[in-house]
Amino acid sequence: MKKCRTYDCADAADTQKKVGDYQKEYDEKNTNKSARKSPGQEENNHAIEQEKQGKINEQTHTNREVIQRHHCLNVFNLSGEKDSTAALILMIERGLPIDVVFNADTGMEFPEMYEHLAKVDEYLYRERGLHITTLRHPKGFEWLMFKEPKKRPNVIQRRIENHLPLYGNGWSGIKVRWCTGALKTKLIDAAVRQIKTEKAVLHHIGIAADEEKRCKDKQYPLVEWEITEAKALQICYDHGFDFGGLYEKYKRASCYCCPFQRTLELQNLRKYHP
């Protein structure tokens, strides 16, 4: 993997201190004002003061988020599908920092997806001077499917009992999605861990607002901005990214051998990508 550039991480303590001092000064000023008011006025203005305090707390939280974004290395996970593409477009247009863009190539993508990623790379370089960093498993999908030797004793024992070979993972399925873990998640997580040894990281993922249940402990700009899957696709189309017509034929534009494809999609696969 091409090593990302490094630079010093500025200390945000002074800025955070200023935010804290502002809130302290605000509290003291309003405490003095309250001392001069009559008991009736205090009761009437209690709700107003709570609302003001809530706004101060909200602004403090927002300021700290901005500080964090600009003083960490911002890593973006680009699958190439509509949601991650839309998230990248919006982050660029809204001026949010992006330092590294990772894409995990399974080697089993549609030809149109590789063409789309090339267009996104051109757009990214034109707007931010960055190129996509592509990650690949050293041995690839077919080796994992047919040849990877099993090492765990319980797996070996179970395969012996069922008269199965001691190598290969077979066809990926809905319950056992070894492809996603081995060819995508593990590669990107390992790359991010390597960066974290040198610098704090904010990891951005393109999950749409209507899939918020998938969110964990990373950054999800589409969820924050309430961008649904339908809106994400339209954003891509509006910016000239049509995925070579993939979303007109398939619900997903991931690997062509994805086990989540439905009957109609499999029929289209036979028709358009035999």
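Where in the chain does Phe243 lie?

1. **Phe243.** Phe243 is in the loop between α9 and α10 (246-249). This is a predicted model, and the note should be read that way. The phi angle of Phe243 is near 60 degrees, a positive value in a residue other than glycine. Is Phe243 buried or exposed? Its relative accessibility is 1%, so Phe243 counts as buried, the limit being under 20%.

2. **Glu226.** Another loop residue deserves a look. Glu226 sits in the loop between α8 (221-224) and α9 (229-238). Phi is near 60 degrees here, again positive in a residue other than glycine. Glu226 has 59% relative accessibility and therefore counts as exposed, which requires over 50%.

3. **The chain as a whole.** Eleven helices and four strands make up the secondary structure. The chain has 274 residues, and 40% of them count as buried. Its accessible surface is about 17,200 Å². Carbon and sulfur atoms hold 50% of that surface. Now take the contacts with a separation of 6 or more: 65% of them join residues 24 or more positions apart.

4. **Largest pocket: position.** The volume of the largest pocket is about 1,400 Å³. Its lining has 39 residues, and those closest to the centre are Arg177, Thr180, Ile207, Arg214 and Arg252.

5. **Largest pocket: make-up.** Which element gives the most to the lining of the largest pocket? It is α7, with seven residues. By class, the lining of the largest pocket divides into 15 nonpolar, nine polar and 15 charged residues.

6. **Second largest pocket: position.** The second largest pocket has a volume of about 520 Å³. It is lined by 17 residues. Closest to its centre are Glu148, Lys150, Arg152, Asn169 and Trp178.

7. **Second largest pocket: make-up.** At least two lining residues come from each of α5 (140-146), α6 (153-161) and α7. Helix α7 supplies the largest share of the lining of the second largest pocket, four residues. The lining contains seven nonpolar, three polar and seven charged residues. Note that α7 is the top contributor to the largest pocket and to the second largest pocket.

8. **Asn74.** Asn74 belongs to strand β1 (residues 73-77). Why does Asn74 count as buried? Its relative accessibility is 1%, and buried means under 20%. What does the side chain of Asn74 meet there? One partner is the side chain of His204, through a polar contact of 2.8 Å. The backbone oxygen of Cys72 is also in reach, 3.1 Å from a polar atom of the Asn74 side chain.

9. **Gly95.** Gly95 is in the loop between α3 and β2 (100-104). With 47% relative accessibility, Gly95 counts as partly exposed, because that value falls between the 20% and 50% limits. Gly95 and Arg128 are 33 residues apart in sequence. In space, their C-alpha atoms are 9.9 Å apart.

10. **Points to check in the viewer.** Begin with the two positive phi values, at Glu226 and Phe243. Glu226 counts as exposed, whereas Phe243 counts as buried. Then follow α7 along the linings of the largest pocket and the second largest pocket. Finish at Asn74, with the side chain of His204 at 2.8 Å and the backbone oxygen of Cys72 at 3.1 Å.

Note on methods. Residues are numbered from 1 along each chain as its sequence is written. This is a predicted model: local features need pLDDT of at least 70, side-chain atom pairs count only at pLDDT 80 or more; totals for chains, interfaces and linings use all residues. Side-chain values use heavy atoms; hydrogens and water are left out. On a 1 Å grid over the protein atoms alone, a cavity is a set of points where a 1.4 Å probe fits but cannot get out, and a pocket is an open set with protein on both sides within 12 Å along at least five of seven lines; lining residues have an atom within 4 Å of a point. Grid points are joined across faces, edges and corners, and a volume is the space filled by probe spheres set on the points. Ala, Val, Leu, Ile, Met, Phe, Trp, Tyr, Cys and Pro count as nonpolar, Asp, Glu, Lys and Arg as charged, and the others, Gly among them, as polar. Buried means under 20% relative accessible area, exposed over 50%, partly exposed in between (1.4 Å probe, protein chains only). A polar contact is a pair of N or O atoms within 3.5 Å; within protein, one must be able to donate a hydrogen and the other to accept it, and residues adjacent in sequence count only if both atoms are side-chain atoms. Contact means heavy atoms within 4.5 Å. Accessible areas come from the Shrake-Rupley method with a 1.4 Å probe; for residues, only the protein chains shown count as cover.
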